[in-house]
Amino acid sequence: MPFALSPDRERKLEEILQRYPTKMAATLPLLHLCQEQEGYVSEDAVGFVSQRLDLSPAHVKGVVTFYTLYNQHPVGKHQVWVCRTLPCALRGAYDLIDHCEKRLGIHCGETTADGKVTLRTAECLASCGTAPMMQVDKDYHENLTRDRVDQILKKLVG
Amino acid sequence: MLKRTEYLTRVYGKPEGWSLPTYEHEMSGYEVARRVLTTMTREQVVDEAKKANIRGRGGAGFPMGVKWSFMPKTVGTKPHYLVVNADEGEPGTHKDRTLMELNPHACVEGCIIACYGIGAHVAYIYVRDELHLSKARLEKAIAEARAKGYLGKTPFGKEWPVEVYVHSGAGAYICGEEMAMLNSLEGRRGEPRMKPPFPANAGAFGCPTTVNNLETIAAVPTAFGMGCEEFSKLSCLHHMNDGGVRLYGVNGHVKKPCVVELAVGPTLNELIQDIGGGVQGDRGVLCVIPGGSSTPVLCPSETVHAPDPKSPMHAWDGKSVFDIPLGVDTIRGVASMLGTCCVTVIAEGTDPVWCMHNLMQFYRHESCGQCTPCREGSAWLERVCQKILDGKASMAELGGLHDIANGIMGNTICAFGEGTAMPALAFLQKFRGAFEAYVRGERRRADAKLTAVPWS
């Protein structure tokens, strides 16, 4: 089925287009809207963005593949990103990652069998003063302890 | 004991500290922007800004006022733009986020003043996508300011339209590089462009553009509020044209990691002891990354060598690098960089080879891939480090790391290459013994530690 934005997102797009002197500048924001709707950026969505903004599909695909946060394939319902970079690693990020993998029964980069959680490592999330940390969907969880991680993951997997 | 200041951070920790009523009650509440727009000319704004000696807070330390003065004096057929860099993602850097979350109105008011100074009507604040709370707080602040008429067609009754928009990234460290940021803003892959042309000539959408770090912009209302020269004099390095107050962060192996506001010029020892509460487990310091992972590490045994009385560093000749004031030029004087002023402390007992490998993984992942020396070089650095950790590398391969790093330096479009090579070379030079011990089989990955106290 061809991709179409929901009416409220279509309105949001109209507002976004007013902000920039070119249509192309709306590429990143529009891709975010597409992903918000579908959970990832499908081939159909790439076609939609290229038509809507008068760009070549190659340009849009090039943008999608460049940025880490656009999913090119369907992912779990919840996104868990654990920061692995040095300031977090100095405060236990590797142990935190191990712990998450054990609790969820998956490796980083994988999704739980029930499709609820995708676990990934992240490069520095600007939370070095409150390390170790992880991001769950839109929320940061900082100064993590084992108990706190267990609580957070329990909520996600039910 | 270091004294904290509260010029930018007065509303931190206040209930609803990020709201307009608090900003009006505790800080300038847009009165500074009103005064600037209604009583000063554009030229006066730029001249005044130069006196603040605000060195760019994003890492390069370029004077803000001077950068503003590069913009065309009159607005021609092409509009001018302000782009604010809030793509905070340098490992070890965690300061801009606090401003966006806790004092977003200072950022918006700074944008209004800066836009007027550089002749722009539109400011884009480029925030990394992960910072959802920061974006929400900024959006709310912008809406509040617009409702009051501080943004829009006639802010404060002045015929100088100003609009501020939040633009979200999509997960790419390289977009913190100003030319990559402009490409990303325009809807392209975040690949740095060649300079020249510089942004002041051809920046966003091919138009004259100033790119400033978010903290730089947030300091503007305070500086103009108290008088830019007065603001500069708050710093103990005012005489070195490094003025004002700024946010200092401490992270890594300290007891109390945090972000604090201080007059420019505390020492590393003061930051570690007074602000960070000392090293975890009361250990000694192995080394410190002074301002984000791209800045070369400094060890406590290093001293300043400046016997020449004409040297700007002469005042600290013979002193430990941990006892000199942290300023843009002082840290440059000891062959490192101040960067973003967020200090990563690494305790004794930590494995420096593993530290370097962790950072090289970051650079390998984040290289945009445009320039071969950086794309291949960062991957080679990471792979050889891995091999050393695994005990499978030869002395020749260890020596080869120097060649790889030197091969990247100066051979790339943007400074990412140097940002990868400089810290790599510093680790190699300062911890040569540890690297060799791995090669000789005297050190093993299984015994190596990164944490100072176990995670629990």
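The questions and answers below go through a predicted model with chains A and B.

Trainee: At which pLDDT do side-chain atom pairs count in this predicted model?
Mentor: Residues are numbered from 1 along each chain as its sequence is written, and chains are lettered from A and ligands numbered from 1 in the order in which they are written. As this is a predicted model, totals for chains, interfaces and linings use all residues, local features need pLDDT of at least 70, and side-chain atom pairs count only at pLDDT 80 or more.

Trainee: Which helix gives the largest share of the side of chain B that touches chain A?
Mentor: In the contact, 47 residues of chain B meet 41 residues of chain A; two residues are in contact if their C-beta atoms, placed from the backbone, lie within 7 Å. Elements that each supply at least two residues of this side of chain B include β3 (163-168), β5 (245-252) and α15 (352-366), where helices (H or I, at least four residues) and strands (E, at least two) are DSSP runs numbered from the N terminus. The largest share, six residues, comes from α15(B).

Trainee: How many charged residues are on the side of chain B that touches chain A?
Mentor: Ala, Val, Leu, Ile, Met, Phe, Trp, Tyr, Cys and Pro count as nonpolar, Asp, Glu, Lys and Arg as charged, and the others, Gly among them, as polar. By these classes the side of chain B has 18 nonpolar and 20 polar residues, and the charged ones number nine.

Trainee: Why do β3 and β4 of chain B each have one side without a neighbour in the sheet?
Mentor: The open sheet has four strands, with parallel pairing, in the order β3-β2-β1-β4 (chain B); two strands pair if DSSP finds at least two bridges between them. β3 and β4 (209-213) of chain B are at the edges, so each has a single partner strand.

Trainee: Is β5(B) largely enclosed or left open by the rest of the structure?
Mentor: A residue is buried if 20 or more other C-beta atoms lie within 10 Å of its own, exposed if 12 or fewer, and partly exposed in between, with C-beta atoms placed from the backbone. Eight of the eight residues of β5(B) are buried, so β5(B) is largely enclosed.

Trainee: Which residue of β8(B) stands opposite Asn251(B)?
Mentor: β5(B) pairs with β6(B) in the antiparallel sense over six bridges, and a hairpin of five residues joins the two. With β8(B), β5(B) runs parallel, joined by four bridges. The residue opposite Asn251(B) in β8(B) is Thr344(B).

Trainee: How many residues does domain 3 of chain B give to the contact with domain 2 of chain B?
Mentor: Chain B is divided into domain 1 (20-230), domain 2 (245-347) and domain 3 (352-447), with bounds from an automatic or database domain assignment. The centres of domain 2 and domain 3 of chain B, taken over C-alpha atoms, are 24 Å apart. Domain 2 of chain B gives nine residues to the contact, and domain 3 of chain B gives ten.

Trainee: At roughly what angle do α3 and α6 of chain B cross?
Mentor: Axes are lines fitted to C-alpha atoms, for helices over the stretch in contact, and angles run from 0 to 180 degrees between N-to-C directions. Residues of the contact include Val45(B) and Ala49(B) of α3(B) and Ile113(B) of α6(B). The axes of α3 (residues 42-51) and α6 (residues 104-118) of chain B come within 7 Å and cross at roughly 115°.
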